[in-house]
Amino acid sequence: MPSLLTISLVALGGAIGSVSRYLLGVWIQSASQSVDFPFGTLTVNLVGCFVIGFLSQLAESRGVFTPETRGLVFIGLLGGFTTFSSFGNDTINLFRGGQTVNALVNVGANVILGLALVWLGRTVAFWIWR
């Protein structure tokens, strides 16, 4: 059973991650001036993929995270920050609105670029701390 400290850290990280997701997503969507494509959600997902790749490389290669810190950062902060449920909803709404091309671009961009940025984050961390 997780400790009360770990549970509290996950909750704190989730709150920070969710608010950060909201603020960045709204800012990017507003800056893009797009009403037809969810650039805010895409950006948040890609940033989250890079950061989790970078930090997971550090966690594996350097052992820099305690279990409590992993709960705070990986589960709470990044779990609250990344938005794949929003991604799914945005994609379905694009399909339902007849915007099939935008829906498929959204899927491709989130999945392909997201995986590429997890790899890039791990690679950057590896090269910095090798």
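Reader: Which residues does Gly 25 touch, not counting residues up to four places away in sequence?

Author: Contact means heavy atoms within 4.5 Å. By that criterion Gly 25 touches Gly 40 and Val 44. This is a predicted model, in which local features need pLDDT of at least 70, side-chain atom pairs count only at pLDDT 80 or more, and totals for chains, interfaces and linings use all residues. Residues are numbered from 1 along each chain as its sequence is written, and side-chain values use heavy atoms, with hydrogens and water left out.

Reader: Where is Gly 25 found, and is Gly 25 buried or exposed?

Author: Helices are DSSP runs of H or I with at least four residues, numbered from the N terminus. Gly 25 is found in helix 1. Buried means under 20% relative accessible area, exposed over 50%, and partly exposed in between (1.4 Å probe, protein chains only). At 14%, Gly 25 is buried.

Reader: Which residues of helix 3 are buried, and what covers them?

Author: The buried residues are Gly 71, Val 73, Phe 74, Gly 76, Leu 78, Gly 80 and Phe 81. Their cover includes helix 1 (4–32) and helix 2 (39–62).

Reader: What is the phi of Gln 33?

Author: Most residues other than glycine have a negative phi. Gln 33, not a glycine, has a positive phi of about 55 degrees. Gln 33 is found in the loop between helix 1 and helix 2 and is exposed, with a relative accessible area of 72%.

Notes. Helix = DSSP H or I, 4+ residues; strand = E, 2+ residues; numbered from the N terminus.
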